[in-house]
Amino acid sequence: MKRLFDIILSFIAIIIFSVPMLVISTAIKLNSKGPILFKQQRIGKDGVHFEIYKFRSMYVETPNVSTEALGDPTSYITPVGKFIRKTSLDELPQLINILKGDMSIVGPRPALYNQYELIEMRDKLGVNNVRPGLTGYAQVMGRDLISDEKKVDYDKYYLENMTLLFDMKIIRMTFFSVINADGVKLK
């Protein structure tokens, strides 16, 4: 049921957001050199690596590490990138990841391939046994502003309480979180 929900919702979202995605693509191309999409290895269901898609919000020379590891990440962000990150529009291409089956609408956010401690903590609790999400409980409870330990606690809570109703609550919370740019480190 969850997979069917993901397919239907992501397909509808792609249709609804097709014009904004075209505008964002054009703005990225006009604003800085490099590809429109940023692709990065992430940890998927059962620990299998997959390539996540995002709109490129940083310059092409940016080191391939988590935002927190960049020191002053604002120096790496393009002018268009600042806007799409603050509004979470950079995440829209992940709707393709959802259609492909790499991700779900709701689930733990996929760890970077090199976030070894986070991956290990999640492995111990079984968090990596589920499909990662475009949004998740840890996202709406603090996003970039909480520690990996706290993220894993929220991920474990999600696992223990995972239902379609809880997913819908997280989607609603995500909407308000995005509107307010809650938990976004780069404003």
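Here is a short chat about the predicted model shown above.

Trainee: Before we start, what should I know about this model?
Mentor: It is predicted, so to speak of local features we need pLDDT of at least 70, and side-chain atom pairs count only at pLDDT 80 or more, while totals for chains, interfaces and linings use all residues. Residues are numbered from 1 along each chain as its sequence is written, and side-chain values use heavy atoms, with hydrogens and water left out.

Trainee: Okay! At what angle do α2 and α3 pack?
Mentor: About 150°, with the axes of α2 (residues 18-31) and α3 (residues 79-86) 9 Å apart. Helices here are DSSP runs of H or I with at least four residues, strands are E runs of at least two, and both are numbered from the N terminus. Axes are lines fitted to C-alpha atoms, for helices over the stretch in contact, and angles run from 0 to 180 degrees between N-to-C directions.

Trainee: How are α2 and α3 oriented, roughly parallel or roughly antiparallel?
Mentor: Roughly antiparallel. That label is for angles over 145 degrees; under 35 is roughly parallel, 65 to 115 roughly perpendicular and the rest oblique.

Trainee: Which residues meet there?
Mentor: From α2 you have Ile24, Ala27, Ile28 and Asn31, and from α3 Pro79, Val80 and Ile84; contact means heavy atoms within 4.5 Å. Six of the contact residues are nonpolar, one is polar and none is charged. Ala, Val, Leu, Ile, Met, Phe, Trp, Tyr, Cys and Pro count as nonpolar, Asp, Glu, Lys and Arg as charged, and the others, Gly among them, as polar.

Trainee: New topic: how many salt bridges are there?
Mentor: A search of the whole structure gives ten, each being a side-chain nitrogen of Lys or Arg within 4 Å of a carboxyl oxygen of Asp or Glu. One of them joins Lys2 and Asp167, whose closest N and O atoms are 2.5 Å apart. Lys2 is in helix α1 and Asp167 in helix α8, so this pair ties together parts 165 residues apart in sequence.

Trainee: And where does Asp46 sit?
Mentor: Look in the loop between β1 (37-43) and β2 (49-55). Asp46 has a positive phi of about 60° although it is not a glycine. Most residues other than glycine have a negative phi.

Trainee: What about the phi of Ser88?
Mentor: Ser88 also has a positive phi, about 65°, and is not a glycine. You will find Ser88 in the loop between α3 and α4 (94-100).
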